[in-house]
Amino acid sequence: MRGQAFLVAGYVPGTSVIHRLSLGIKALLLFSIAVLCLASPLVSTRVGVLTTTLTLVVVVVGHFLAGLSWQRMWRAVRMMLIFLVLIMGYQWWQHGPWVAWSVIAAILATVLASNILTASTPVDELLDGLAALVMPLKRFGADPERFSLTVALMLRSIPFVIGAFADVRDAARARGLERNLLARSLPVVIATVGYARATGDALAARGLGEPESS
């Protein structure tokens, strides 16, 4: 299964200024960027356009400060290109070009900022941060370790599912069945269910994910 080539949230080792920031500061910066992008258009269109444009410029500069390549930036944009075109067309039609640009710039800034966070932070550190974030909810019955384990499994499963789609699509095309929805979707469902069962069996055999006995 070639899904391993579609790694999501791939960490890029480095010693840049961005890499040396703590996870808490990077998360705070990401939250600030999201708030700026979402809240500034509420003031006025001009403020929204100016703020989202400047935020996008800062994020792009941060992308290269982190030592990331143009290819990685383009890959993040390409994955949502169709949605960006549709959203921009609708916003342009409903509210004009400046609002359309403001919305697109806000989306790009937040997605690229998230990309910087995941590229400059090891996955283990991210999962530890998520577990620490959920820790205050432990008194209400939440299990931080199980939560971080669930996120880790999700990150590990996404490349598999994407790879399954690609493999099944190529196999269907080779048999002249590329327009057959059943031939393109059923093997993916079967492979995904098999992968989930195998993962669950492996976790159960190691006693992982089981609730702690009181």
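Modeller: Gln91 is buried, with a relative accessible area of 16%. The model is a predicted one.

Colleague: Why is Gln91 called buried?

Modeller: The relative accessible area of Gln91 is 16%. Buried means under 20%, so Gln91 counts as buried.

Colleague: Where does Gln91 lie, and which residues is Gln91 in contact with?

Modeller: Gln91 has its place in helix α5. Leaving aside neighbours within four places in sequence, Gln91 is in contact with Gly96, Val99, Ala100 and Val103.

Colleague: What makes Tyr90 partly exposed?

Modeller: Tyr90 has a relative accessibility of 45%.

Colleague: How many aromatic pairs does the structure hold?

Modeller: The structure holds 2 aromatic pairs. One of them is formed by Tyr90 and Trp93, 6.1 Å centre to centre with 70° between the planes.

Colleague: Why do Tyr90 and Trp93 count as a pair, and why is the pair called edge-to-face?

Modeller: A pair of aromatic rings is described by the distance of the centres and the angle of the planes. The centres must lie within 6.5 Å, and those of Tyr90 and Trp93 are 6.1 Å apart. Planes over 60 degrees apart count as edge-to-face; the angle here is 70°, so the pair of Tyr90 and Trp93 is edge-to-face.

Colleague: Which residues of helix α4 are buried?

Modeller: In α4, residues 70-78, the buried ones are Arg72, Met73, Ala76 and Val77.

Colleague: How do you know that the buried residues of α4 line one face of the helix?

Modeller: Seen down the axis of α4, the buried residues fall within an arc of 135°, so they line one face.

Colleague: What do the buried residues of α4 pack against, and which exposed residues are on the face turned away?

Modeller: The buried residues of α4 pack against α3 (45-65), α5 (81-95) and α6 (97-119). The face turned away from the buried side carries the exposed residues Trp70 and Gln71.

Colleague: Which residues make the nonpolar surface patch?

Modeller: Leu182, Leu186, Val189, Ile190 and Val193 make the patch, which is about 470 Å². Val189 lies in helix α9, residues 181-205.

Colleague: How far is Val189 from Met154?

Modeller: Val189 and Met154 are 35 residues apart in sequence and 16 Å apart in space, C-alpha to C-alpha.

Colleague: How many helices and strands are there in the chain?

Modeller: There are 9 helices and 0 strands. Along its principal axes, the C-alpha trace spans about 55 × 55 × 35 Å.

Colleague: What share of the chain's residues is buried, and what is the accessible surface of the chain?

Modeller: Of the 214 residues, 30% are buried. The accessible surface comes to about 13900 Å², with 69% belonging to carbon and sulfur atoms.

Note on methods
Residues are numbered from 1 along each chain as its sequence is written. This is a predicted model: local features need pLDDT of at least 70, side-chain atom pairs count only at pLDDT 80 or more; totals for chains, interfaces and linings use all residues. Side-chain values use heavy atoms; hydrogens and water are left out. Patches are made of residues with over 30% relative accessible area and no salt bridge: like charges are joined within 9 Å, nonpolar side chains (Val, Leu, Ile, Met, Phe, Trp, Tyr) within 5 Å. Accessible areas come from the Shrake-Rupley method with a 1.4 Å probe; for residues, only the protein chains shown count as cover. A salt bridge is a side-chain nitrogen of Lys or Arg within 4 Å of a carboxyl oxygen of Asp or Glu. Helices (H or I, at least four residues) and strands (E, at least two) are DSSP runs, numbered from the N terminus. Buried means under 20% relative accessible area, exposed over 50%, partly exposed in between (1.4 Å probe, protein chains only). The arc is that of the directions from the helix axis to the C-beta atoms. Contact means heavy atoms within 4.5 Å. Rings of Phe, Tyr and Trp (its six-membered ring) pair if their centres lie within 6.5 Å; planes under 30 degrees apart count as stacked, over 60 as edge-to-face and the rest as tilted.
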